[in-house]
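Please look at the sequence and the structure shown here before reading on. The text then walks through one part of the fold.

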Amino acid sequence: MPKNHSIILLAAGAALGSSLTLALLKLISRNKSLKNSRQAVSSIQYKGQEMGIDKNGYNTSSIIEREANAKAENDLFSDDLLKDEIVHEHLTRNIQFFGLESQQKVNKAFVVVIGLGGVGSHAATMLLRSGVGRIRIVDFDQVSLSSLNRHAVATRDDVGTSKALCLKTHFQSIFPESQIDARVQLYDASSEEDILGGQPDFILDCIDNIDTKVSLLAACVRRGLKVLSATGAGARADPTRIRIADLSESSTDPLSRAVRHRLRREHGIDGGISVVFSLEKPKVKLLPFKAPNGEEENPSEYQIVPGFRVRIIPVLGTIPAIFGQVMASHVLTQLAGFNIQTEPIVSFDVDHYCLLHQRLIEREEILYGAAMHVEVDVEEVVYIVKELWRGKSARDQASKDVGRGMWRSVNNLTLTRWDRSKPASVTNLILLKFKEAEDHDTKTLDELKMEEPMFYDMVTNVLKQATRDFGL
């Protein structure tokens, strides 16, 4: 190797080593500062304990700790976390994905996660890793050995500790810049203001008790808070069937159905709440409850907290983890203002799509004398019906009809051209009821634009999506 090449390599190696050393020193300095700030918080907490506050980890909702945490963290960091080199590098992939301004929105967000089991622990962990600046984590329960098959961070050393404080401890070593408000609390009417207060940007409901879940969701609606609710993740095994939709569309999930019924009956709430659920029917049943002597007993007689289950739901640990990841992804994209289109819940099968394709051919032959300008096949009809029109008439996009009602609605639907001067292509087909299609075919687009400008703009924007999706 030539001498000058060797010198260049040595110089480059020295420069790289220096930069890595500087980064390491900065990180060590940062961690030392954080440790000192937390020691100050602990000192204030200890003083609170002298004043009669429980020292066994059940004082996390106290005003003293919350104010101390907020002051220590706010003193240490500026509003814009991304100005810090360590934080910026930690979140560099997110910045590349969302863009700098959108990631800053995530950093400034405040999210509350209620229920820190298999679903909630994974959701909260990914929110933290993605840079959410303030997270309130709430659970009254403790880590058990049986929860280690699905918990995001708990180890055997954490067994017996509260789930909230367990997460907080681990979080401090993952993204210490985030303000973590850990609450060892049970959500109910008396704790509503304490848990939901502070104007959070999003609430994640990861509770598996129906009474508490209904109460929480009703409170979120009443307060105008954005909420995403997890339904049953237990007894399921197929990750490809997990969906996000409005509560009114989750007709296949038993827990969703029960929650929907209670919200409608007790609170007059008929939808408008996003839920994560599985289209899969439960694969296994609740295990029978047996007393210490081995005989089956009434589970309610062993409840420590009224209304909470003591029977065991068999759980494949991967499914609640994926539920939590799905929830975190949804919240992060919402916070960042990153638009995504969730897959609609449409109860059509292949025969229905074939029928709609055949109707289109017959309609073209009647109106235009031939079907030669039909430029879509059955697979493209599936895209048009599901992705563009969500299984409903273009004039009925606000409808919440699902399940059997949607199956029956195919009898009244047909595809027709939006612009009669252009062929029946993926970018020029609209799904309408028969009578609506007949009326549509009597008007020009100019007439529609003048008479129904909002409808015209909506359809135009939907068809532009097809243009983008197909690269046309």
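The model is predicted.

Start with the sheet as a whole. Seven strands make up an open sheet, and their order across it is β3-β2-β1-β4-β5-β7-β6, with mixed pairing. The edges are taken by β3 (179–183) and β6 (242–246); each has a single partner strand, so one side of each is left without a neighbour in the sheet. On average, neighbouring strands are turned by 15 degrees against each other, direction ignored. Strands of a sheet pair through backbone hydrogen bonds, either parallel or antiparallel.

Now turn to strand β4, residues 202–205. Its side chains point two ways: Phe-202 and Leu-204 to one, Ile-203 and Asp-205 to the other. All four of these residues are buried. On one flank, β4 runs parallel to β1 (residues 110–114), and four bridges join the two strands. Asp-205 of β4 has Ile-114 opposite. Strand β4 is also joined to β5 (residues 227–230), again in parallel, through three bridges. Here Ile-203 has Val-227 of β5 as its bridge partner.

From β5, the sheet continues to β7 (residues 274–278), with three bridges in the parallel sense. Ser-229 is bridged to Val-275 in β7.

At the start of α9, a side-chain oxygen of Asn-209 comes to within 3.2 Å of the backbone nitrogen of Asp-211. After the helix comes Gly-224, which has a positive phi near 75 degrees.

Which residues of α9 are buried? They are Thr-212, Lys-213, Val-214, Leu-216, Leu-217, Ala-218, Ala-219 and Cys-220.

Helix α11 (residues 318–336) lies across β1, β4, β5, β6 and β7. Its direction is at about 170 degrees to that of β4.

Technical notes
Residues are numbered from 1 along each chain as its sequence is written. This is a predicted model: local features need pLDDT of at least 70, side-chain atom pairs count only at pLDDT 80 or more; totals for chains, interfaces and linings use all residues. Side-chain values use heavy atoms; hydrogens and water are left out. Buried means under 20% relative accessible area, exposed over 50%, partly exposed in between (1.4 Å probe, protein chains only). Two strands pair if DSSP finds at least two bridges between them. A polar contact is a pair of N or O atoms within 3.5 Å; within protein, one must be able to donate a hydrogen and the other to accept it, and residues adjacent in sequence count only if both atoms are side-chain atoms. Axes are lines fitted to C-alpha atoms, for helices over the stretch in contact, and angles run from 0 to 180 degrees between N-to-C directions. Contact means heavy atoms within 4.5 Å.
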